[in-house]
Each structure stands twice: as structure tokens, then as C-alpha cells.
Amino acid sequence: MRYTKFTLGLAALLCAASVWAQNPIVIKFSHVVALDTPKGKAAEYFKKLAEERTHGRVKVDVYPNSALYKDKEEMEALQLGAVQVLAPLSSKLTSMGVKEFQVFDLPYIFDNLDEAHKITQGPVGRGMLNKLDRLGIAGLAFWDNAFKETTANRPLRTPADFKGLKMRITPSKVIDAQMRALGANPQVLAFSEVYTALQTGTVDGEENPTSNIATQKFYEVQKYMTLTNHSFHNYVLVANKRFWDALPPDIRKIMDGVVKDSTDYFNSIAAKDNNDALAELKKTKMQIVDLTPAEKKAFKKALAPLHKQFEPVIGKELLDAIHHETNWDPATF
């Protein structure tokens, strides 16, 4: 029997399709927050797009709520290839030696999401993502969540109100210095441990966007939430670089589109979800403290020196570029 090039090519394609159907590329996507947070929803959207657009050639298994790895474990798991995709807090990357990512932890680095997007969605942000290559990590995108608020069992209207409080923080030298500048005692804890720590008094308070505060039900163990908007909370969508670079070219092109569209999705829902969470929190027993402009200015004045303090670590060029875009002028505080 004679086989033409066409029939041989068709047979090869059918064979390849059969192999892909039986052995799809599996992406384990691990994260530490609830399914109904912006990150939880965006991870599910990432899964949906990847599986639909590749017609099943890619399968994404999402593990929320620290089901697979906790805060301290997931970055090592990514580098080892035990998971393929994560969306950790940007501050987690600083502990791996990429000190530039500490810039997002600086207090009042941005006043609004538009300012943040100028950096994270522009050339400055892309340059930062490229710095992850040497760690075996592919920096895919920034997912810009919201600004952080503070909770405690007393209102935090002035810097002095933080004095003596044990405040839970993520591993970040900038956030540690920030809390110490306010007179608080920072305590590093995994996100999954925060509720119990607040409940037992191991810590007195914490900082998070309203969506995390609501979904984790911190209102059950904290009396007050103060709308300090003091620090930016964003994630970095990352992949194991060896895995990502080894994707077949056609699959890689599709996945690059999935990254872009899931990032747009995340950024489109984050503000709404956090606003909705704030509305829900106002219905709980937790009291919401809204700072006056003068009170917020006092916090900015107390924390502004940290920008200069961390300039040698973060890099003057990067910090100047961000300050230029945001018209930062500490003299106005």
C-alpha cells in the first residue's frame, strides 16, 4: 500500500493528538488564599482559559488555601518543579535575593491603582520580572490586588496607636521596618496560621486587603479595621522557567495569551472584590475606622523616611523611576 506525504502527515497528526489526549501537559497551580478572593478567582480563570484554548492539551490543577504548600514552602517547590505556577506576594521574592521587589512594600509607594499600573504594567515592571530568570523562575506578570488595611482590637488612628502591638507580617525587611517605625512588634506567620494566632492572642493585629480580611473571617477575632491604605498588596504570577521554556511553541503562544488575559481579568475584578468585601465587613460586628486626611498625612510623615532608608538596598535608579512616575515628594507630608 502506498502512502502519500499527505496521508503520512495526517496519520502523524492524529497520532500526536491521541498522545496529547492521553497525556496532557499538567500544570499544578498552588496558592494560599481562598477560592473567592481575587487571586482564587483568577487562578480558576487561568485554568479555564488554558484548558479551553489548548483543547485539553494542557490541564491545570489548582490547589487553593495552602492545600498543597504553605507560604514558606511554595517557592522552593516551584524551583524544584514540584509545582509549575504560583502567584506569591511580591515580598516573597525578596527573600530569594531579588531585593528590588521590596519596593512594593514601601509605605505609600502608590496612592492609587492607576499609579501602580504605570509601573507594574510598563517597562519598569517588565525589567523587574526579568530579574527572576537567574533563579530558574519565569516572571509572567504582576497581579495588582489592592491596598492593605490594618486590623486590631483597638482603633489605629495615629502612629502611636501601634505602640506595643504584636503585628503579623509577611517575610519582608521593609514591612518589618515599617512596623518597628510605628512602635509595633512584627511577627512573621504563614497566612494559614493568622486566624488562630489572632484568636489566641499570639498576635494582636495584622495587615491585609479587605478581600482577605473578609474571606478569612478575621472580623470574628478582631474588633477594628482601620483604613490605613498604607501599603500595596500585589502578586507576581510566576512559573518554573525550565518548564515554561520547554512548552511546545504553539502551546507557549497560547499560554502567553492566557497569562495576559488572566492578568487583565484579575486586575478588573480586584478593585470590585475588595470594595464588595469592605461593604460586607461593614455588616459585621467589626468597627471600620476611616482616617481623616490629616490622620493619613501623619502616617505618611512617620513612614516616609523608609524610602530613603531602603534606597541602597532597592536601588536608587528603580526608586527614582517610580517616584518620578508617581510625583513622590516627601516634603509635602
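This is a predicted model: local features need pLDDT of at least 70, side-chain atom pairs count only at pLDDT 80 or more; totals for chains, interfaces and linings use all residues.

Reader: Okay, how far apart are the end C-alpha atoms of helix H2, and what should the helix span?

Author: Helix H2 runs over residues 38–53, and at 1.5 Å a residue its 16 residues should span 22 Å, which agrees with the 22 Å between its end C-alpha atoms.

Reader: Which residues of H2 are buried?

Author: The buried residues of H2 are Pro38, Lys39, Gly40, Ala42, Ala43, Phe46, Leu49 and Ala50. After the helix comes His55, whose phi is positive, near 55°.

Reader: How many salt bridges does the structure hold?

Author: There are 20 salt bridges in the structure. One of them joins the side chains of Glu100 and Lys131, at 3.9 Å from N to O. Glu100 lies in the loop between strand E3 (85–86) and helix H4 (113–120), while Lys131 lies in the loop between helix H5 (123–130) and strand E4 (137–152), so this pair ties together parts that are 31 residues apart in sequence. Lys131 counts as partly exposed, at 38% relative accessibility.

Reader: Which residues are linked in a network of salt bridges?

Author: Lys241, Asp245, Arg252 and Asp256 are linked in such a network. Within it, Asp256 and Arg252 form a salt bridge whose closest N and O atoms are 3.1 Å apart. Both lie in helix H10 (residues 249–281), four residues apart, or about one turn of the helix. Asp256 is partly exposed at 36% relative accessibility, and Arg252 is partly exposed with a relative accessible area of 25%.

Reader: Changing topic, is Arg168 buried or exposed?

Author: Arg168, which sits in strand E5 (residues 166–169), has 3% relative accessibility and therefore counts as buried, since the cut-off for that is under 20%.

Reader: What does the side chain of Arg168 reach?

Author: The side chain of Arg168 reaches the backbone oxygen of Leu189 at 2.9 Å. Leaving aside neighbours within four places in sequence, the residues in contact with Arg168 include Asp71, Gln187, Phe191, Val203 and Glu206.

Reader: Last topic: which residues of helix H11 are buried?

Author: In helix H11 (residues 293–303), the buried residues are Glu295, Phe299, Lys300 and Leu303. They cover an arc of only 145° around the axis, which puts them on the same side of H11.

Reader: What do those buried residues pack against, and which residues are exposed on the other side?

Author: The buried residues of H11 pack against helix H6 (173–181), strand E9 (287–290) and helix H12 (305–309), whereas Pro293, Ala294 and Lys301 are exposed on the other side of H11.

How values were computed. Residues are numbered from 1 along each chain as its sequence is written. Side-chain values use heavy atoms; hydrogens and water are left out. Helices (H or I, at least four residues) and strands (E, at least two) are DSSP runs, numbered from the N terminus. The expected span of a helix is 1.5 Å times one less than its number of residues. Buried means under 20% relative accessible area, exposed over 50%, partly exposed in between (1.4 Å probe, protein chains only). A polar contact is a pair of N or O atoms within 3.5 Å; within protein, one must be able to donate a hydrogen and the other to accept it, and residues adjacent in sequence count only if both atoms are side-chain atoms. Contact means heavy atoms within 4.5 Å. A salt bridge is a side-chain nitrogen of Lys or Arg within 4 Å of a carboxyl oxygen of Asp or Glu. The arc is that of the directions from the helix axis to the C-beta atoms.
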